[in-house]
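Hello,

Here is the structure I promised to pass on. My notes follow below it.

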Amino acid sequence: MKFEVYLDSPTGKSKHVVELEKNSSTYNVSLDGQPVDADVILATPNAVSVILGGAAFEFHVAPAPGGYTLQTGSYEFHAELRDPRGWRGRRQGGLEAEGRQEIIAPMPGKVIRLLVKAGDQVESGQGLIVVEAMKMQNEIRSPKKGRIERLQAKEGQLVNAGDILAWVE
Amino acid sequence: MFRKILIANRGEIAVRILRACREMGIPAVCIFSEVDRASLHVRLADEAYFIGPAPSRESYLRIDKLIDVARRSGCDAVHPGYGFLAENPALPRACADAGITFIGPSAEAMETMGSKTAGKQLARRCEVPTVPGTDDPIENPDEVQSLAGAMGYPVVLKAVAGGGGKGMRVVPNDEAFASSWREASSEALNAFGDSRVFLEKYLVAPRHVEIQILADSHGRVVSLGERECSVQRRHQKVIEEAPSTIMTPELRRKMGEAAVRLARAGGYVNAGTVEFLVDSNLNFYFLEVNTRLQVEHPVTEQVTGLDLVKLQIAIAAGHRLPFAWETITPRGHAMEVRLYAEDPDNNFFPCPGKILARRIATGPGIRLDEGVYSGWTVPIEYDPLLSKLIAWGNSREEAISRLRRALDEYTISGIRTNISLFRRILSEPEFLSGEIHTKWLDELLTRPRPPAVHPRPGIETAAAIAAAYWESMPSGNSAKAQSPAEPSSRWKLDGRRAQLDQQP
């Protein structure tokens, strides 16, 4: 299985592609296309233990808005995951939002591409707008199946976290 | 000894008192409000009684209900803990009327020593130094200026009706006096309709050092040494330690004697704390008396080897303190951090909620006093203190490294805590060398943060792998199916916070 992992920690944001391939009782792990020597197990129902080339780490995982919190000691990561094969964003866990939805910029950045026009019919999980932040391009997806009621974002526009980019009805 | 003790409190301190009762073989009765049915103190209690709705003034602050529970359950003593009714003289009075022993000082001693003004007058009478100044307003600026000169600059002018920093001016020198006087009195007039001001010596970067005392009902009063509590955020203690890094045997003796003198003069019985400010020349000034057990009492317990709660109970039962205690000197070093359910990245906003999982810190020199468990929901109605983590070591350095190690072991998920604040404080060079004062932490928090670095190489890769692994697991996994607590309305939370009695 292949995942796009978006991490946020006190040092900043980063994105990694992790591939896990079951190999009898363990996994073959690759990170950003390179195989890594990693041994990963579930130590307790909430804790994942990772031994990475001999270095041992343990993360306590808890659900958090949009993804998970991974705590290790007093250090913390926020993780959001996407399955690059599927349209459907995993963030909603397959559930579709209802009613008129505001599409909000999740972080400060620059709108670099509009993937839809006002009035377009969209599917749930379909990419709407691409925002670039920290040199990473983030596709903002539709939380529901519906119609683009209004598109406020313009290509090249700088946005702040929380700015409304569009409405989906 | 007592037949049965009523614990008139909740949370970690109720658990602490309950443990002392257990060790003494005394059954303990706990009380709970609507939201505390599943709290740890209730789960551990020998007996537990419901006393009303969540707001504390309808439950934990209702003396009539407490006395009723004590009577019904056959308690012959009440321990108030700290906070809630612990410093309200009405509780010892109601206990006396009901023929129940109050584990603490008399109502009269609480009144003469507990209030700031009465305490200060008592301190003057028994020659305990107080911050020099004029208690009464002075009308004539020339007179004040000559007093200020005699006292030595800097001084501070404070509005008689003042508060919140309004009508207050620090005067650095004689030249600035006239203009400061005009500003302070006109600001006081505008803000409070009263232009009168009084004068006090201004202490530059003072430390908060307090003396723990114990007094029995046979006239014996002893000092158990000091606790240094200078690391404070907006006047709330954040880290406490013993001994203080500035302490000398001579100063400890002088401060201990002053505290004992004050307790004797006030007819004090049971455990109490005399708080002082100490300036950079090691002059100490009386601040106030806390007529109860302190939150930070474990620090003293770790360096003296004494159990203060059991001693409180023994004193209330009329036992004598042993004479050998004249010469208590601290052994090693102890340091306590207060873990709160609050978000240090969001102005320390309280973040109660459900604790999804927890790993506690143990091992050499570590003590954890707490009232929480995995699966419990921290109620929003009360002070969000979760746990007190206390480290003991042979030296201050060892205590700090044990505390750091324990903070890395201690993991709590589902709610936000202030653990990262301690990570920062415990790596600050000024803290490590003991150069702290009561405004130090507030100043530190306004400084730009040092750029963050990952604590270990490889951690980001490991986190990405752990996250992907977690995501790949079937969602039937019980821990994964848990959802975070519903975020409460911020307005509601803030309203409750405003009404909360912050723990002392």
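**Helix 1 of chain B**

Helix 1 of chain B covers residues 11-24, 14 residues in total. From first C-alpha to last, the helix reaches 21 Å, close to the 20 Å expected at 1.5 Å a residue. Bear in mind that this is a predicted model.

Of the 14 residues in helix 1 of chain B, 10 are buried, so the helix is largely enclosed by the rest of the structure. Among the buried ones are Ile13(B), Val15(B), Ile17(B) and Leu18(B). The buried set also includes Glu12(B) and Arg16(B). After the helix comes Gly25(B), with a positive phi near 75 degrees.

**The interface of chains A and B**

On the chain B side, 42 residues are in contact with 45 residues of chain A. The two chains bury about 3,700 Å² between them. Carbon and sulfur atoms account for 70% of that area.

The rule finds two salt bridges across this interface. One of them joins the side chains of Arg359(B) and Glu58(A), at 3.1 Å, N to O.

Which elements of chain B supply at least two residues each to the side that touches chain A? They are strand 17 (357-359), helix 12 (396-409), strand 20 (411-413), helix 13 (419-425), helix 16 (459-472) and helix 17 (478-481). Helix 16 of chain B gives the most, with 14 residues. By type, the chain B side divides into 23 nonpolar, 11 polar and eight charged residues.

Best wishes

Note on methods:
Residues numbered from 1 in each chain as written. Chains lettered and ligands numbered in written order. Predicted model: local features only at pLDDT ≥ 70, side-chain atom pairs only at ≥ 80, totals over all residues. Heavy atoms only, no water. Contact = heavy atoms within 4.5 Å. Buried area = accessible area lost by both parts, 1.4 Å probe. Salt bridge = Lys/Arg side-chain N within 4 Å of Asp/Glu carboxyl O. Helix = DSSP H or I, 4+ residues; strand = E, 2+ residues; numbered from the N terminus. Nonpolar A, V, L, I, M, F, W, Y, C, P; charged D, E, K, R; others polar. Expected span 1.5 Å × (residues − 1). Buried < 20%, exposed > 50% of the residue type's maximum accessible area, 1.4 Å probe, protein only.
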